[in-house]
Amino acid sequence: MSPKDLPIYELETEFLASLRGEGRVVVQAPTGSGKSTQIPQILLRHGFLDGGEVVVLQPRRLAARMLAKRVAEEVGTQLGDIVGYQIRLESRVSRATRIRFVTEGILLRQMTFDPGLRGVNVLVFDEFHERHLYGDISLAKALKVQRESRPDLKIVVMSATLDAGALKDYLAPCATLVSKGRAHPVTIEYLPKAVSFEAEPVWEVAVRECERIADQSAGDMLVFMPGAYEISRTIQGIQGSRALRGFAALPLHGELPPEAQDLAVTRTNTRKIIVSTNVAETSLTIDGVTAVVDSGLARMARFDPERGINTLLVEKIAAASADQRAGRAGRTAPGICVRLWSEREHGQRALHELPEVKRLDLSEVVLTLKASGIEDLRAFTWFERPDPKGLDRAEALLRDLAALAGPTSSITEIGRRMLRFPVHPRYARMLLEAQERGSVRPVAMMAALTQGRNFLLRGVPRGVEEAREELLGEEHESDFFLLMRAWRYADRANYSLDACRRIGVHAQAARQVGPLFEQFLEVAKAEGLDISEKRVDGVAVRKCVLAGFPDHLAKRLESSTLRCDLVHGRRGLLARESAVGKATLLVAAEITEVGGRGGEVNVLLNIATSIEEPWLKELFPGELKDVREVTYDAEAKRVVARRDKRFRDLVLESKSGSDDVPSTEAAALLAKEVVAGRLSIDAWDESVEQWILRVNRMAEWFPEYEVNPIAPADRLTLIEQVVYGETSARGVKGRDVMPTLRDWLTAEQLAAMDQVVPERLTMGNGRKSRLTYSKEGPPVLSARIQELYGIEGRFTLGQGRVPVKIEVLAPNQRPLQVTDDLSSFWREIYPKIKPELSRRYPRHEWR
Ligand code: ADP
Ligand code: MG
């Protein structure tokens, strides 16, 4: 089939017209229609690239590289000539390049440094439905550029599936072109019962299903797996299967060498089973596939703004992705797709994946936007707004790195310089620090070591561990240093598989470090850093690591375990194989959340570097603080004084004791405990409460004495005075109360108190009876009936000012009657209850 037969050409005339008209076009056509390979060529053929180029933004590096190669072939030129690509730290372009495939931040950076986008005629945003971070943001920025300085710039947004509605509004005015494509029907099968991949590995299930459907179609098979490891296990399984002997098994993922990647998409005579990551979902079309086996899994990058951790966990794909994957079987003929999950479970899957802008670390993007003069990121015209927490978090990290500062978090000089380095802001910051400390080479090396996958295998057998120690030597300061030595060893051995295997090095991954290192050095040199060879100063290099990871500072809780406290209130576990196992203070270049078996999640600290405390003061003079805190320790049942040395919120050192606890603070803390009812003072009993009530009623009834009432708030003050000088619960319990309380009143007030609001009242017969005071209502005199014989009339306090109620008690102290006036009691009530009472208490006197 000639490329000209591809469905995209049905839209060609309309496409050209809209491009000349609105200048903004949405092209929506199914995977395989020819969008990625043909649209740039259409632009080239119709003169849109005269005197300029088209930049095609791709979400995946693998796709960018392979598309460039394919288009170069179709155009009939060398890669890097008319057609080229540029991905992070790797570039094949020249002055002749008219079609440039790029990934990630390359376009955004270009727009930042050159808002006029000189030499760019057309921008194409491919695979927009994937909603990659840079797709979203670069498009927003491109619209701004087009509006403000480049009305002639053409913008094309392409996607395999898209809810075009929202996009149309966002881009308006724009043309929307839709092609249905030519898909064949795909039969979808589910597993009859859900399989647990814990019990049966996903690659085994996949191989079994491949065997089952091998004869149901004549074409090639495509198996989707989450990552390189699962892919290699699946390949092994296929190669070991008798039923699949006729098939060639081919892996496809980003970590393979380019030749191996090409092999997977090249047509051959033997039937193939391609085992791929989700790059084959919509980014790359593999012709001839008629059967798809879908694990339903993908490795998904996700930033957790709550904890500030980037996670890379295997997750279940959304239903929309599963449909795309199934579609890969119906490109050339009717096909079949087996999903390795049950139909019932399918109904529970999310319909769409959350866009990256909602789930990734935004720091690099935020720095770039700030550099292009966008101060208020919340007011930026996002296609979809990020989580405000994600923005806060990115800004916080950039402030930590001194890239942003001031009340509106504006970009600093350091921030601007950092942006020149196409690496994560942390590594950019480290390179700048390295320049100050004469350590650019080793820091560039460290940056190179952490870009790809980890090549120093973890959890290796003892023998390998011993060989490592023998060949690489001991290391206690930084895992980076061990990585460097391991890489040098592998490099010297020319990445020989045997040599690498001996010390547990992944040769392929290690091989990629060298070119990266060279590229980092080039970038550094281009920015004027000193990249000359120097003796490596371990301390200087470790300080650079600290400069890039101040928010990953961790303190070991105790030397016997690997548990650590981290800044920002997090906890983690230092990796067992870390070389800095003895360090108490460290920074981890990698904090990963690892999903373990059975669903538990561990926060693992990898690639650690030991840190000395004085460096914190040197690098972050404002962030090291001495904090003194006095608290009530409920367990020790006493007030303790703690003296913390903290870096941000991380406690580096803590001393505590009850010796130098200031009495005032101790009293306040203890009083609070007493008021809350968690501590008690034995002597503070009902009589004390009565005393307080008497004071308060005296203030109310006898204002002439000018007594201050004891309000609830005064109680705390009084208790503070009572417990003053104590530090423990025990001391509080034994405190005397009344001497302090009496001080509330003057001597005259005290003397008057016994007169006007007495504790007891002397009655006509000379007996004394207790008065009970309450918050409200009159005082109550309680007396047994026998004590009241011969007493008549009413009682009052203060010469008739406050009437007293009389509570008449039975001999057993139970209340019989409450009255204001004893005379009426004797007259009306007493005769009625006397017979019954005298019968019940015959031994008492009944007058
Ligand atoms: P779309 O972007 O619409 O998904 P593409 O432009 O990527 O479509 O692909 C169109 C067609 O070009 C594919 O169906 C395939 O036949 C062919 N093709 C694309 N890339 C390659 C490649 N690297 N090798 C072989 N064929 C390719
Ligand atoms: Mg495409």
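**Figure 1. Helix H3 and the second largest pocket.** Helix H3 (61-75) gives the most to the lining of the second largest pocket, with 6 residues. The model is predicted: local features need pLDDT of at least 70, side-chain atom pairs count only at pLDDT 80 or more, and totals for chains, interfaces and linings use all residues. Residues are numbered from 1 along each chain as its sequence is written, chains are lettered from A and ligands numbered from 1 in the order in which they are written, and side-chain values use heavy atoms, with hydrogens and water left out. A pocket is an open set of points on a 1 Å grid over the protein atoms alone, with protein on both sides within 12 Å along at least five of seven lines; lining residues have an atom within 4 Å of a point. Helices (H or I, at least four residues) and strands (E, at least two) are DSSP runs, numbered from the N terminus. The pocket holds about 1200 Å³ of space. Grid points are joined across faces, edges and corners, and a volume is the space filled by probe spheres set on the points. Its lining counts 47 residues, with Gly32, Thr285, Ile286, Asp287 and Arg331 nearest the centre. At least two lining residues each come from H2, H3, strand S9 (186-191), helix H9 (258-265) and helix H10 (319-327). By class, the lining has 15 nonpolar, 19 polar and 13 charged residues. Ala, Val, Leu, Ile, Met, Phe, Trp, Tyr, Cys and Pro count as nonpolar, Asp, Glu, Lys and Arg as charged, and the others, Gly among them, as polar.

**Figure 2. The largest cavity.** A cavity is a set of grid points where a 1.4 Å probe fits but cannot get out. The count comes to 4 cavities of 30 Å³ or more. The largest has a volume of about 60 Å³. Its lining includes Gly438, Arg441, Asp530, Lys534 and Asp537. Helix H16 (residues 440-451) supplies the largest share of this lining, 3 residues. The lining divides into 4 nonpolar, 3 polar and 5 charged residues.

Figure 3. Glu12, Phe15, Leu16, Ser18 and Leu19 are buried in helix H1 (residues 12-20). They share one side of H1, because they cover an arc of only 165° around the axis. The arc is that of the directions from the helix axis to the C-beta atoms. On the other side, Thr13 and Arg20 are exposed. Buried means under 20% relative accessible area, exposed over 50%, and partly exposed in between (1.4 Å probe, protein chains only). Cover for the buried residues includes strand S1 (24-28), helix H2 (35-45), strand S7 (154-159) and strand S8 (175-178).

**Figure 4. Nonpolar cores.** A nonpolar core is a set of buried Ala, Val, Leu, Ile, Met, Phe, Trp, Tyr and Cys residues joined through side-chain atoms within 4.5 Å. The largest core has 118 residues, and Phe125, Leu139, Phe455 and Leu553 have the most contacts inside it. Helix H18 (residues 479-492) gives the largest share of this core, 9 residues. Apart from this core lies another, of 62 residues, among them Ala667, Leu741, Val756 and Trp846. Contact means heavy atoms within 4.5 Å. Beyond four places in sequence, Leu139 touches residues including Phe125, Phe128, Tyr134 and Ile155.

Figure 5. Thr234 lies in helix H8 (residues 228-239). Thr234 is buried, with a relative accessible area of 0%. Leaving aside neighbours within four places in sequence, Thr234 contacts Trp203, Val207, Val223, Met225 and Val275. Asp400 sits in helix H13 (residues 388-400). Asp400 is buried too, at 14% relative accessibility. Its contacts, not counting residues up to four places away, are Pro550, Asp551, His568, Phe620 and Arg648. Val674, in helix H24 (residues 663-675), is buried with a relative accessible area of 14%. Its C-alpha atom is separated by 8.7 Å from that of Leu716, 42 residues apart along the chain.

**Figure 6. Backbone details in loops.** A cis peptide bond joins Ala172 and Pro173, with omega about 0°. Pro173 lies in the loop between helix H6 (164-171) and S8. Arg131 has a positive phi, near 55°. Arg131 is in the loop between strand S6 (120-125) and helix H5 (133-148), and is buried at 11% relative accessibility. Gln813 has phi near 70°, and counts as partly exposed at 49% relative accessibility.
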